[in-house]
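Hi,

Here is the structure I promised to pass on. My notes follow below it; have a look when you get a minute.

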Amino acid sequence: MATEYALEEVEKKETYSYWRMVFKRFRKHKLAMTGLVILVAIIITVIVGPLIWRVDPIAQLEGPYELLSPSRDHPFGTDDFARDVLARWFAGGKISLMIGFAAAVSATIIGAVVGLVAGYFGGVVDAILMRIVDILLCIPTFPLLIALASVLGKGVWQIILVIVVFGWMGDARLVRSVVLSLKEEQFTEAAKAIGVSPSRIMFIHFLPNVMAPIIVSTTLGIGSSIVYEASISFLGFGVQAPLASWGNMLQNAQQYIWNAPRLVWYPGLAIFITVLSFNFIGDGLRDAMDPKLYR
Amino acid sequence: MKKLVEVQNLTKYFPVLGGVFSRPIGWVKAVDDVSFHIYEGETFALVGESGSGKTTCGKTVIRLIEPTKGKIIFEGKEITKLSQSEMRPLRRSMQIIFQDPYGSLNPRLPVGEIIREPLLVHNIGTKKEQEDRVVDVMKLVGLSPEYLHRYPHEFSGGQRQRIGIARAIVLNPKFIVADEPVSALDASIQAQVLNLLLDLQKKLALTYLLVAHNLAVVRHVSDRIAVTYLGKVIEVAETTELFSVPLHPYTQALLSAIPVPDPDVKRERILLQGDIPSPINPPSGCRFRTRCRFAKDICKEKEPPLIDVDGEHYVACHFVKKGKKTEYTVS
Amino acid sequence: MRNYLIRRTLQSIPIILGAMLVSFIILSLVSDPFAAMMENPKVKLADIERLRKAWGFDLPVYLRFFKWFGSVLTGNWGPSLLYPGYSAREIIFRALPITLQVMGLQFIFSLIVSIPLGIISAIKQYSKTDYTLTFFSFFGMSMPTFWFGLMMMLLFSVYLKRPSGASLLPPGGIITPGMESAPFLARLGDRIQYLILPVIVLSLNSIGSWVRYMRSFMLEVLHQDYLRTARAKGLPERRVIYKHALRNALIPIVTLIALSLPTIVSGASITEFVFNIPGMGQLILNAELKNDYPTAMIALTLSTVLVVIANFVADIVYSFIDPRIRYA
Amino acid sequence: MGNNELLLDLRNLQTYFFTDDGVVKAVDGMSFQIRKGEVLGLVGESGCGKSVASLSIIRLVDKPGKVVGGEIIFKGEDLLKKSEEEMRKIRGAEIGMIFQEPMTSLNPVYTIGNQIMEAILVHQDIGEEEAQKRSIELLKLVGIPEPERRFNQYPHELSGGMRQRAMIAMAMSSNPDLLISDEATTALDVTIQAQILELMKDLQKRTGMAVLFITHDLSLVAEMADIVAVAYTGKIVEYSDVRSVFKNPKHPYTFGLLRSVPSLVNEQRKVDLPAIEGMVPSPYHMPNGCHFHPRCPFATDVCRREMPELEEKLPSHYARCFHPVEVSKEVV
């Protein structure tokens, strides 16, 4: 009789929820932890910096203060409009990070919804959505990004919108492919056998299983969105002066590259290191959330 | 005896896509015009090798796969034409246990949630009642309720199979399709799960449709057996009858191929020639004829019907007549 | 296979059409190309009206698209509005070879570098070599192209000088003035000097990510059962890796590389801008910013068609490497 | 059983896996011997170390696994002392190997012929043409119809049974002295399994090679093997000739396993099978003493304290148990 068996033993160890295990594994990933530390440092600097260095990033100094070399008064020097570069660096960082974050998260949300819907329902819905994705993926998006940016105007939110318009397709494909494989899993069949409704299958059974790739993709997406913002602003169609972003700080820097290369160094290095940290973190998350580890 | 499930002329074809427009250019005839019935309280087994359509058949019976043609009658009511939402209330009385203990549990849900989900979906009882029921069922299948909050990956294959069984019985169903329930498990665990299935059948008055390839397992737990080959049922009989008087040449070969854990038993083995043909292009006439040592011209031309040769012993072979008269000879 | 080719060709048509439509709509949002003309006193108002009508600017966008599309099909690609007196076709076919040179070189260079590095990284997983390569791939992946371009210009034209005092490599452009009529070899040498920096800058991103992908595909293959079989046969390790593992690891890489082409084209436009290379990328940017949409549209369409063809070729290559893909 | 010359002498083999979560002793002091022309059945459940043992013999254990102790004496020489190059010459030539999944064990992008020829060319000093002829002969030998056509086909164009035949052809290409078959028929259907077993028996008789037959299925061992070694948690727990093991099992594990398998002849159906309780312990948390004691109905204090030695309980019948099973002890 089954009930007379000794109830089966499960290994006596502390039990971890999925996310705590992911966190444990993530902490062992050296590159990812390095990335995280650097990123946190950058975020703190960008937030705390302006509280200590109370210089208006927009104000143009009176007098002949253009392109001053770094000094006590202006640790990063001044730019061609005689604005304090350090103050702009802080302000620009905040804007760049915010654009990167907002654009990547929105693009992922749109992509995930499209992917879930296309993958789950299949058929005509899937065919239409995926053809749209194919079309957008075939166009070299950057020139159109610039065109759209020049139409929509040059505020922060417009830039986010532009990046999102051309940024969701990768996530849609990714989520769709995960959903398609989840649909073939036996636990989905089990759910159907129980009588679980399609929406519950989608949100209770599928969504937690696509979270891992979604999170990785968002993390990497923040990095690439920051680069997109920088590229657009560099060409003059992004965030407009006097507002600062790391990208538009580079806009005029090219002209002064011969006599004030530091103007290229500071914002560029910041972008590079930030993106690098996001890539490290993304890689660490991918390893930590590898579904093969939790079957 | 009362028939719980009746399957009439059940057919399932899967399309093979191809051509310029990805249109069906062929069909996998997974289940082809199959009829059988299952009595209340019995274990009815579908046995066969890969490609025989046994799993498709089992899943189609509970409408997890949509049939192409045919009728499925459950408790006297035809369920073939019901929509999936009309099927939902019926799912309380029909459930399924899967083969793969690793794939059949959602890795992101704790065990308690997995077992509770059927109650939640069918809106049975308060949360407290549901939780109590989960604990009861866990005990019933031999899992300690301590592990309610653990995730599937923390369990072994046998324990996961118990979780799957708990999920299947939590609604108190009448009918369970068990799709290869032990074939992925280690030998010493198989017996435990088989015992559990037998025990639950007695306690809960369950009717099983067992889909399996291991004939020793099938022999141990089933009352009646249907042998399938390439989408067709070729022989149906009571278990002891089938094992003592197999009439279809395929059944005979299948039984003789089973290895026996006894070095002293040296049996005359009927070795079948060649492979199982593709279910996309099954042989004409009798589907087994390409591997049958008795095949004659008629087997190519005409498909043998499944006839009752001796009270509830059905065989589909041109050379088996009423009264278990076999007329096949090696040509 | 034949059916597959037909099907793929048929599938490409709506994609190209769709891509053209999307580009057209966005570009026509940019603004009226004739508004700028009106500021030019030399152009008569009546002429502008005539052009307007000829270009369908009296029609709604979607009808205008069909009008434009019809004229493209008949071979009339329209005049360039950016470079008065030239047709869009002339402008584009002057820019196209330059871009193809840059992209082709970049493509070959990236492949030659990243595939072996990816293999080494995978074979020596968790070794110092692997960690170093991993670090540098991330470095490449994370580098904003345009900024790296600026830094390279700074390095090779400002910090590094030839003994003569001239910069080591030219900071931009595509040809030294006066070289246009030089002998072929001299011109080639001149061109190479100009291409080195853009190609390196453009390659950095793709090398970074391809090394990572090659590494992970290779690792995946290294755990396959058939490699154990190959070793159990007594094959030397070199043969196990280069015959049995490599071909299987290349299968997914083909798709990946085809998919990354649009990004390469995008990357090219900003790099061309930075290095002032008169290629397609710069042309598209200039054309759309100056409302020269006949030129911009054709250039965009050509880029899209290139990408579609590349995907198509990738699929065919794929079916050659992988015998399991048999197209019905 | 052929002559009595010793072919393979495995002495106290230890293969450990050094994982992040701890050391897994996959093979922990395994010993057995195979004489020329003999079939040894190594049987056990998943995680008993049988596959790792076979890979250790041909020195193909993947990282983080490592052979940390013991000797593998093959034809009088210790394989563990051989250089990689010497080992390579033994693999595929003197020791052939076939695996469980014929689909994943064959390289999908090369033809069957190419993969068999490769095995021949690497060990034999013959030309391509000759190798091709040999390959086609081998395909014929393993019972593949139309060998010339199959030679140019890819693995995915063959059925499971045909693929396994091709694997066998490859393993047999240099007439090995020892064939290791690791669950070679597990993935196959019963009627196909019967064909492959007959083929292996036939080839074994014809060539006189020795076979290490690894499986989880006791019935297959009863059919194929001369000698049986039963493995549990990386150790051999019972070791004798096939009749003695099946007729007179001494270790409670073998005994329990034999009784728990549903039988084809038993009169009693639909009753509880005498199952072995519990499950194989986690490799990270091996119990003290005898590893089987938590599941053993005969366990006493000494079993919880000490690991028993593999001892001779009957003439040339060894078992690793303090309380070997006797008929009188049988629990009903």
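D264(B) counts as partly exposed because its relative accessibility is 37% (buried is under 20% relative accessible area, exposed over 50%, partly exposed in between, with a 1.4 Å probe and protein chains only). The side chain of D264(B) meets that of R243(D) in a salt bridge, 2.8 Å from N to O (that is, a side-chain nitrogen of Lys or Arg within 4 Å of a carboxyl oxygen of Asp or Glu). This pair runs between chains: R243(D) is in helix α10 (residues 242–247) of chain D, and D264(B) is in the loop between α9 (249–257) and α10 (297–301) of chain B. Helices here are DSSP runs of H or I with at least four residues, strands are runs of E with at least two, and both are numbered from the N terminus. R243(D) is partly exposed too, at 43%. Together with D262(B) and K247(D), these two residues are linked in a network of salt bridges.

Some ground rules: this is a predicted model, where local features need pLDDT of at least 70 and side-chain atom pairs count only at pLDDT 80 or more, while totals for chains, interfaces and linings use all residues. Residues are numbered from 1 along each chain as its sequence is written, chains are lettered from A and ligands numbered from 1 in the order in which they are written, and side-chain values use heavy atoms, leaving out hydrogens and water.

K233(C) sits in the loop between α9 (225–232) and α10 (237–259) of chain C, and E118(D) in helix α4 (residues 112–123) of chain D. K233(C) counts as buried at 5% relative accessibility, and E118(D) does at 4%. Over all chains, the structure holds 54 salt bridges.

Then there is the contact between chains A and C. It takes 42 residues from chain A and 48 residues from chain C (contact means heavy atoms within 4.5 Å). The two chains bury about 3,900 Å² between them, 81% of it on carbon and sulfur atoms; that is the accessible area (1.4 Å probe) lost on being put together, summed over both. On the chain A side, C138(A), P140(A) and F272(A) lose the most area to chain C, together 15% of what that side buries. How many salt bridges are there between chain A and chain C? The count is one: R212(C) with D283(A), the closest N and O atoms being 3.1 Å apart.

Cheers
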